[in-house]
Amino acid sequence: MTTAVFIDGESGTTGLQIRDRLEARDDIRLVSVPTEHRKDAAARKDAFAEADVSILCLPDDAARDAVILAGGTRIIDASTAHRTAAAWVYGMPELPGQRDRIRDATRVANVGCYATGSIAMLRPLTDAGLVPHDHGVVLTGVSGYTGGGKALIAEYEAGTAPDLYLYALTQSHKHIPEIMKYGGLTRKPLFQPMVANFAQGMMVQLHLHADLLPGEIAGHARIEAALRDFYHGDPFVSVEMAGDRIDPQATRDTNRMILSVQGDGAGRVTVTAVLDNLGKGASGTAVQNLNIMIGAKETAGLT
Ligand SMILES: NC(=O)C1=CN([C@@H]2O[C@H](COP(=O)(O)OP(=O)(O)OC[C@H]3O[C@@H](n4cnc5c(N)ncnc54)[C@H](OP(=O)(O)O)[C@@H]3O)[C@@H](O)[C@H]2O)C=CC1
Ligand SMILES: CC(=O)N[C@@H](CCC(=O)OP(=O)(O)O)C(=O)O
């Protein structure tokens with residue numbers, strides 16, 4: 001039996017990557033609208049009606065409109081529009097109990113790219129009580145320029161964007177609400193992202209003065225052990241020893257995420273997540289969520 005899948009926004013950065021991961025599969029039949037009708041409501045409504053599952057790869061406002069057009073089809077939304085909405089299931093399979101919720105869901109909000117790394121580091125530590133929920137958390141991140149979609153890609157390809165820049169300087173990055181809700185934080189974290197001159201790849205870091213946390217010192221070894229326990233047996237997330245350098249492009253074109261713990265071996269600890277912003281941070285997890293929803297092998301179409 002095949003599952004009919006419509007990717008709304010399939011010619012965009014995320015949509016193309018999802019298409020690449022699905023088109024060779026014999027358990028999936030892709031439903032498409034001709035390129036010239038890609039913004040035509042009637043054509044898209046027909047595609048939604050034909051699909052068993054539709055994946056939205058659109059800007060937030062267009063994604064909200066698409067949900068109205070979509071009727072009863074099951075949806076995975078790659079945008080930020082529904083990530084903390086009560087009626088939506090958060091599409092981060094690694095969270096406790098989340099695979100069962102995703103399997104039964106009709107509306108899945110795919111996790112954001114920086115949020116994937118941030119929550120992956122935070123949640124094991126807040127669940128284990130090593131980082132208190134109201135801790136003043138500091139996160140930094142660097143993304144490849146494809147994270148900014150077609151518009152930012154065009155700037156880099158034209159050579160008009162700087163090799164590295166900081167942005168979201170007012171502490172209002174769009175991923176903060178989902179990082180708080182699913183990372184287990186009650187206090188807004190500091191989060192400083194940047195973009196660098198490479199296409200795909202991402203690194204997110206959590207910086208901790210673990211010796212100042214309450215209770216027994218949540219040092220390097222306990223933090224690493226909590227991460228290893230949380231991800232034991234996970235098909236895509238691993239906790240590894242980092243060498244002298246960490247490459248944000250190390251998992252390019254894969255659905256893998258590598259976590260590592262660095263520091264002085266005592267109280268000053270940095271946890272690092274490396275993932276592909278377009279892979280594990282977007283299209284890879286969308287396909288992983290699709291696999292869970294349709295009862296396919298979770299790793300199908302993914303490396
Ligand atoms: N890039 C990334 O790393 C990540 C992106 N995402 C999310 O995925 C979504 C898509 O991002 P991305 O692929 O980067 O963006 P792109 O700009 O590359 O692609 C967006 C696509 O949506 C199409 N589109 C825009 N408006 C409409 C509309 N009203 N109806 C139908 N199609 C429309 C665009 O067509 P046209 O070009 O013709 O305007 C384009 O093909 C965003 O919500 C983003 O937040 C999620 C995680 C990571
Ligand atoms: C480099 C860059 O601009 N990155 C985007 C995040 C990527 C994105 O739009 O997607 P998700 O929210 O769906 O993860 C940003 O910081 O707004």
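Biologist: Which residue has a side-chain N or O atom 2.6 Å from an oxygen atom of ligand 2?

Modeller: Tyr167. Such a pair is a polar contact (N or O atoms within 3.5 Å). This is a predicted model, where local features need pLDDT of at least 70, side-chain atom pairs need 80 or more, and totals for chains, interfaces and linings use all residues. Residues are numbered from 1 along each chain as written, chains are lettered from A and ligands numbered from 1 in written order, and side-chain values use heavy atoms, without hydrogens or water.

Biologist: Which backbone atoms lie by an oxygen atom of ligand 2?

Modeller: Look at Cys113 and Ala78. A backbone N or O atom of Cys113 is 2.7 Å from an oxygen atom of ligand 2. For Ala78, the backbone distance is 3.3 Å.

Biologist: How many residues are around ligand 2?

Modeller: Count those with a heavy atom within 4 Å. There are 14 around ligand 2, and the nearest are Arg83, Cys113, Tyr167, His173 and His175. By class, five are nonpolar, seven polar and two charged. Asp, Glu, Lys and Arg count as charged; Ala, Val, Leu, Ile, Met, Phe, Trp, Tyr, Cys and Pro as nonpolar; the others, Gly among them, as polar.

Biologist: Where does ligand 2 lie relative to the domains?

Modeller: Domain 1 (3-111 + 282-294) and domain 2 (113-277) both give residues to its shell, so ligand 2 lies between them. The bounds come from an automatic or database assignment.

Biologist: Now ligand 1. Which residues come closest to ligand 1?

Modeller: Thr13, Arg38, Lys39, Leu58 and Lys150 are the closest of the 23 residues surrounding ligand 1. That shell has seven nonpolar, ten polar and six charged residues.

Biologist: Which helices each supply at least two residues of that shell?

Modeller: Helices are DSSP runs (H or I, at least four residues), numbered from the N terminus. Here they are α1 (13-22), α3 (60-70), α6 (149-158) and α9 (279-294). Both domain 1 and domain 2 contribute to the shell, so ligand 1 lies between them.

Biologist: Which side chains have polar atoms by an oxygen atom of ligand 1?

Modeller: Thr13 is one of them, at 2.5 Å. Lys150 is another, at 2.7 Å. Lys174 has a polar side-chain atom 3.4 Å from an oxygen atom of ligand 1. Alone, ligand 1 exposes 890 Å², and the protein buries 82% of that.

How values were computed:
A polar contact is a pair of N or O atoms within 3.5 Å; within protein, one must be able to donate a hydrogen and the other to accept it, and residues adjacent in sequence count only if both atoms are side-chain atoms. Accessible areas come from the Shrake-Rupley method with a 1.4 Å probe; for residues, only the protein chains shown count as cover.
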